[in-house]
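I wanted to go through this structure piece by piece and write down what I looked up. The entries follow in the order I made them.

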Amino acid sequence: MESLRAVSSWPVDTAAVAVVRADGEVLAEHGPVDHRFPLASVTKLLTSYAVLVAVEEGAVEWDQPAGPATVRHLIAHTSGLAFDSDDVQAEPGTRRIYSNTGFQVLADSVEAATEIPFATYLHEAVFAPLGMASSSLDGSAGAGGTSTVSDLVRFAAEVQAPKLVSAGLVAEATTVAFPGLRGVLPGFGMQKENDWGLGFEIRARKSPHWTGSLSSPRTVGHFGQSGTFVWIDPDAGVACVALTDRKFGEWAVEAWPAFTDGVLEELGRGRG
């Protein structure tokens, strides 16, 4: 795909990207796809999927108490916990407050319920069965993951055609939880409706946004402050993984939406 060559113009030292269909076929890739990159908050997608497995197994329940709220509140960033502290800034379910602390409390809840260290649980529940041999959780459950493009295309294919959990559970996770809440999308400012699913950020009508103008409102995914993103566009029938070694900044705000539009345009897909 010619559109992937745009990555060569990004102001980064190292970048790798790939586009993958739901059946796992990699349509195109560019760069060192087996290079391990810090994921930053893209880690939240992997942590969330492990939580889905825990829910499906019956180890935890969405509405069980966890921290100042419930498991569902924590994974949807509506627990009221502050971004990076134990401060409670709102009543559960009333505001979308993006919270790294909330994800650590979430992981701690799964660890307590399963009596398995969360990094081990994530490996056994997600990485091992998907063949993600180069992926690991080396720090916090919200931002401490490391992986490769080759591994993450396996994950992106799983989300599009689930095998580890039921399709219904993934559909719930990629549908807006606690709709209509205002909140700040990190790097892109206040959003009147800061829609989020159960761990998956939802494109919806957000503006500005890190995906493209051709991305469907149902697009889900996450980006990370280490210069990484994964988006999955069910209307286009594809997902895209991009990992770099440059911290998120204005360069990404400018480059990523145009890149995404280029991918979708080349595939002849996009919002109609």
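**Entry: Asp261.** I began with the side chain of Asp261 and found that it makes a polar contact of 2.7 Å with the side chain of Ser213. The model is predicted, so I treat this distance, like the others below, as a computed value. I placed Asp261 in helix α7, which covers residues 250-266.

**Entry: salt bridges.** Side chains of opposite charge can pair when their charged atoms come close. How many salt bridges does a search of the whole structure find? I noted 8. I looked up Arg21 and found a salt bridge to Asp23, at 2.6 Å from N to O. Arg21 also meets Glu25 in a salt bridge, at 2.7 Å from N to O. I therefore recorded Arg21, Asp23 and Glu25 as linked in a network of salt bridges. I checked the accessibility of each member. Asp23 has a relative accessible area of 53%, so I put it down as exposed. Arg21, at 29%, is partly exposed, and Glu25, at 39%, is partly exposed too. I also looked up Asp63, which forms a salt bridge with Arg72, with the closest N and O atoms 3.0 Å apart. Asp63 has a relative accessible area of 55% and is therefore exposed.

**Entry: strand β1.** Is strand β1 largely enclosed or largely open? I counted 6 of its 7 residues (15-21) as buried, so the strand is largely enclosed by the rest of the structure. I followed its pairing next. Strand β13 (residues 238-244) runs antiparallel to β1 and is joined to it by 7 bridges. In this pairing Ala16 stands opposite Leu243. Strand β2 (residues 26-30) also pairs with β1 in the antiparallel sense, over 4 bridges. Here I noted Val26 as the bridge partner of Val20. The hairpin of β1 and β2 has 4 residues between the strands, and in it Gly24 takes a positive phi near 90°.

**Entry: nonpolar cores.** In soluble globular proteins, nonpolar side chains tend to be buried together. I looked up the largest nonpolar core and found 61 residues in it. Which of them touch the most other members? I wrote down Tyr49, Trp62, Val126 and Phe155. Helix α1 (residues 43-57) gives the most to this core, with 9 residues. I took Phe155 for a closer look. Leaving aside neighbours within four places in sequence, Phe155 is in contact with Leu45, Leu46, Tyr49, Val126, Leu130 and Met132. I found a second, separate core of 28 residues as well, which includes Ala15, Phe229, Trp256 and Val263.

How values were computed: Residues are numbered from 1 along each chain as its sequence is written. This is a predicted model: local features need pLDDT of at least 70, side-chain atom pairs count only at pLDDT 80 or more; totals for chains, interfaces and linings use all residues. Side-chain values use heavy atoms; hydrogens and water are left out. A nonpolar core is a set of buried Ala, Val, Leu, Ile, Met, Phe, Trp, Tyr and Cys residues joined through side-chain atoms within 4.5 Å. Buried means under 20% relative accessible area, exposed over 50%, partly exposed in between (1.4 Å probe, protein chains only). Helices (H or I, at least four residues) and strands (E, at least two) are DSSP runs, numbered from the N terminus. Contact means heavy atoms within 4.5 Å. Two strands pair if DSSP finds at least two bridges between them. A salt bridge is a side-chain nitrogen of Lys or Arg within 4 Å of a carboxyl oxygen of Asp or Glu. A polar contact is a pair of N or O atoms within 3.5 Å; within protein, one must be able to donate a hydrogen and the other to accept it, and residues adjacent in sequence count only if both atoms are side-chain atoms.
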